Amino acid sequence: MSNNLVLRHRIPADANTFYHATTDPFSNFDALKGELQTDVCVVGGGLTGVSAALNLAKKGLSVALLEAQKIGCGASGRNGGHTANGFGSDLGVLEDILGLENTRILWQMVDSALGEIDENIHNYNINCDRSFGYIYAATNSYQLRELEILHNRLRTKYDYEQTTLLEKCDLDKLVKTTRYTGALFDKTCGQINPLKYLLGLTQQLKEMNVRVFEQSPALLISQTPDISVHTREGCIKSKYVFLAGNAYLISDDTKLVSKSIPVTSFIGVTSPLSTALIQSTLPGNITIADCNKIPDYYQITNGGRMLFGCGVNFLGKEPNNMKQIIEKRVKRLFPQLTAFELDYTWSGLISSTINKLPHIGQINSQIYYAQGFSGHGLVLSGLIGKLISEAITGNSIGFDLISSIAHRTFPPKPIKNITLGVAECFNKLRQQL
């Protein structure tokens, strides 16, 4: 890095989310004004940054966190809430990259991170509507065969025995659609309200004297020789910086810009459904995602609404017909759901890499970064935050393992835009099928 690193921030779409509308408002944090000295400055107030800050504070370091907008306004306050194991890429790809033994270690890390979510919920008394049970639904025979391979691989190679294969007749008892041929059920995965969980962790930051600042976008990091993070009205001098803004943070470091892209995903939440409608669609009350490259994912929320996510925009934009896209996908799966209203619709940015694996590392010995969770950020955010905190305090084993994953570079902007435009056209065609 040169002496200066310039940062920009993508502004999240309006937070007209079900989570924000039904969660008690959180007290505001002041903007940074003046100069502050600390051990670590975390840039980004989502689950990755908050998790890192919490783990660092537990280790006795002084921490300041800068959020460009408000805590939870980005992906951590608007995702589907799925506590799903694994990565966006399958285990076979990881085994080819890291080898079986390192992939086993990585799987155990993610599985432990899933367990730590429940530990945090219990230890910090976070009411975030946690539910258990997750279905990976196959839409064709090929996907069902892949699920069978995954099920056997998890048992024989990873000693993971939490999954059960479901034949179509068994699946029909849990979800009433003709679109699926079978599924894989995982009893430890499930869902939470991600905003409530994030705010619960943020409350712990206050109690551990972590300095949190909202409306304080980090604009410049200088190193002459002390490292300083500059905002509009203040400056934090620190020993280390962790860039945890993911898809909402843009730096002028080519290493970061070239390895991931922002992708927009859409979610809608219906008005409350009657017991009869729930029984006619999702009687199992289990979280579901299909196995398509661009999946539909949905569940019944606390309060009897259906939360439904689908589609992507590869150019990082929100389409004008987002509500119609979601309605069409719901009706395609559940034609028996003839009358429903979407009370809430919103979009959010996902940072995606080519291999769908997290991209973490260091710009230099003092600046860490994490991005590219590729749709699996709810669980991975806690893991990556913890690994960054361990690396800063001298234990870099887990960090070194994930940061060793090689990432291909996206093509230069003109070519990338053409490629993504073609992908967007393909996605629109898929939605018509």
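These notebook entries record what I looked up on salt bridges and on one strand residue in a predicted model.

**Entry 1. Ground rules.** I worked from a predicted model, in which local features need pLDDT of at least 70 and side-chain atom pairs count only at pLDDT 80 or more, while totals for chains, interfaces and linings use all residues. I numbered residues from 1 along each chain as its sequence is written, and the side-chain values use heavy atoms, with hydrogens and water left out.

**Entry 2. Salt bridges overall.** I searched the whole structure and noted 13 salt bridges. The term denotes a side-chain nitrogen of Lys or Arg within 4 Å of a carboxyl oxygen of Asp or Glu. I then looked up several pairs individually.

**Entry 3. E214 and K70.** I recorded a salt bridge between the side chains of E214 and K70, at 3.4 Å from N to O. The pair links distant parts of the chain, 144 residues apart: E214 is in the loop between β8 (211–213) and β9 (220–223), and K70 is in the loop between β3 (63–66) and β4 (82–83). Helices (H or I, at least four residues) and strands (E, at least two) are DSSP runs, numbered from the N terminus. I next checked accessibility, where buried means under 20% relative accessible area, exposed over 50%, and partly exposed in between (1.4 Å probe, protein chains only). E214 is buried at 3%, whereas K70 is partly exposed at 34%.

**Entry 4. K157 and E95.** I found the side chains of K157 and E95 joined by a salt bridge of 3.5 Å, N to O. K157 belongs to helix α5 (residues 141–157) and E95 to helix α3 (residues 91–98), so the pair links distant parts of the chain, 62 residues apart. K157 is partly exposed, with a relative accessibility of 32%, and E95 is buried at 14%. I also noted a network of salt bridges that links E95, R153 and K157.

**Entry 5. R305 and D343.** I looked up the salt bridge of R305 with D343, whose closest N and O atoms are 2.9 Å apart. Because R305 lies in the loop between β15 (297–300) and β16 (306–313) and D343 in strand β17 (residues 342–352), the pair ties together parts that are 38 residues apart in sequence. R305 is buried at 14%; D343 is partly exposed at 37%.

**Entry 6. S352.** Which strand holds S352? I placed S352 in strand β17. S352 is buried, with 9% relative accessibility. Leaving aside residues up to four places away in sequence, I listed its contacts as K259, S260, I261, V263, G372, S374 and F410, a contact being heavy atoms within 4.5 Å.
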